[in-house]
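Keep the viewer open as you read.

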Amino acid sequence: MKIRTLILFIVALFPLAGFAQLTFEGQVFNKTTEQPVSNVNVRLLNEDIAVITDAHGFFKLLSEKDSLDNDTLIFSAVGYVTARIAASEFLTQRIVVLTPATTILEEVAITDRRRKQKVLNKFDLTHVRDEPPRYVTHAFTPFSYFYAKLFTSPEEYSSLKKIQIGRRNFNGPRSPSRSTAHAKTRFLVHIMEVTTGGLPGKIRFTKTIELKNNSIWYVIDMSEDKITINGTQFFVAIEWLPIPFNEVVFFGSALKVERINRKGEQVHDTVPAYSIKYEPALIGYPRKEIPRAYIKDPRGNWVEHTEYDVALSATIEY
């Protein structure tokens, strides 16, 4: 492809804005539980437009103004203290935390034994804020599309209720890259047995997941799948799908040998270049004790991944 044609192609992918518009998008969380909050009213005060957060606490509000005009975003929901954030500050803030309103309840005596819930390999809001230091795509190796993480339940035969993932937006507010990143993606979640050698074994259950927005914290409800864990250990695996729907093209540059000068030295020139990754990009972060996790090498062998942890947790009931 000629350079002129490639440049025109890139410009077509990134059209200049034909009209003034500001976009406010992010995710709302409960300060106490650190879980996404749905049905939060998000309103731009002066412009008087509003949206409601979805089931994953995500919202996207479009303003037709070309300036902020000292406007304010107001976040309100039943049972929470209303939050007010200057629109100018929110341009670099993707996470909003609401404080539950204090309510005094009468004492209630509970006599029946209740089943307990526990979050295994828990991550929190500090690990999923904008522009974390690392992220994980399919490209551990050029042909690796599997990441499997080990979970250990306190008791045998627990039931799996939720899986939570932290997802990075390739085009974050401070991202230096130019790409065709998008909100929608499709991938597989596998529940796998543990072999006698401690490696990921037989796939017991598979669920197809489709993300439709830029939520950085996504909760997958597994309660209706009625999955019981045999023993105490199991793997949760993410499988990337190398299909056009998930494809993200990164644009950059590379050095090319243009000629050899009279001294025999190489003279380089900068030419356009690109690379391809696949959504989703899961958030990676450092941790003192990294849970055991594996990736597949190009030969299909499981190789332990010890560089950093990945924002992937499982909630079980026992």
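Helices (H or I, at least four residues) and strands (E, at least two) are taken here as DSSP runs, numbered from the N terminus. With that naming, E279 falls in the loop between β19 (266-278) and β20 (281-285). Bear in mind throughout that this is a predicted model.

## The chain at a glance

What does the secondary structure come to? The count is 2 helices and 24 strands. The chain has 318 residues, and buried ones make up 41% of them.

Now for how the chain meets itself. Take the contacts between residues at least 6 apart in sequence: 71% of them join residues at least 24 apart. As for the surface, the chain exposes about 18,200 Å², and carbon and sulfur atoms supply 50% of that.

## Two nonpolar cores

Which residues touch the most other members of the largest nonpolar core? They are L160, I163, V189, F234, V236 and L312, out of 29 residues in that core.

Leaving out residues up to four places away in sequence, F234 touches L120, K149, L150, F151, L160, I191, M192, V194, I229, A314 and I316. There is also a second, separate core, with 18 residues, including L22, L61, F75 and L98.

## Rings that pair up

The structure holds 9 aromatic pairs. One of them joins F24 and F90 in a tilted arrangement, 6.1 Å centre to centre with 45° between the planes. This pair links distant parts of the chain: F24 sits in strand β1 (residues 22-30) and F90 in helix α2 (residues 87-90), 66 residues apart. Why does F24 count as buried? Because its relative accessibility is 1%, and the cut-off for buried is under 20%. F90 is buried too, with a relative accessible area of 2%.

F59 and F75 make another aromatic pair, this one edge-to-face, at 5.6 Å centre to centre and 65° between the planes. F59 lies in strand β4 (residues 58-63) and F75 in strand β5 (residues 72-76), so the pair ties together parts that are 16 residues apart in sequence. F59 and F75 are both buried. Ring pairs link F24, F59, F75 and F90 into a cluster.

## Charges over rings, and a buried glutamate

R186 lies over the face of F245, 4.4 Å from the ring centre. The charged end of K296 sits over the ring of F146, at 4.6 Å from its centre.

## Salt bridges

How many salt bridges does the structure hold? There are 8. In one of them, the side chains of R94 and E25 meet at 3.6 Å, N to O. R94 lies in the loop between α2 and β7 (95-98) and E25 in strand β1, so the pair ties together parts that are 69 residues apart in sequence. E25 is buried, with a relative accessible area of 14%.

D48 and R43 form another salt bridge, at 3.9 Å, N to O. D48 is exposed, with a relative accessible area of 54%, whereas R43 counts as partly exposed at 28%.

R186 turns up again here, in a salt bridge with E210 whose closest N and O atoms are 2.9 Å apart. E210 is in strand β14 and R186 in strand β13, 24 residues apart, and the pair links distant parts of the chain. E210 counts as partly exposed at 37% relative accessibility, and R186 is partly exposed as well, with a relative accessible area of 24%. Finally, K149, R287 and D309 are linked in a network of salt bridges, and K149 is also one of the residues that F234 touches.

Key. Residues are numbered from 1 along each chain as its sequence is written. This is a predicted model: local features need pLDDT of at least 70, side-chain atom pairs count only at pLDDT 80 or more; totals for chains, interfaces and linings use all residues. Side-chain values use heavy atoms; hydrogens and water are left out. A nonpolar core is a set of buried Ala, Val, Leu, Ile, Met, Phe, Trp, Tyr and Cys residues joined through side-chain atoms within 4.5 Å. Buried means under 20% relative accessible area, exposed over 50%, partly exposed in between (1.4 Å probe, protein chains only). Contact means heavy atoms within 4.5 Å. Accessible areas come from the Shrake-Rupley method with a 1.4 Å probe; for residues, only the protein chains shown count as cover. Rings of Phe, Tyr and Trp (its six-membered ring) pair if their centres lie within 6.5 Å; planes under 30 degrees apart count as stacked, over 60 as edge-to-face and the rest as tilted. A charge sits over a ring if NZ of Lys or CZ of Arg is within 6 Å of the ring centre and within 35 degrees of the ring normal. A salt bridge is a side-chain nitrogen of Lys or Arg within 4 Å of a carboxyl oxygen of Asp or Glu.
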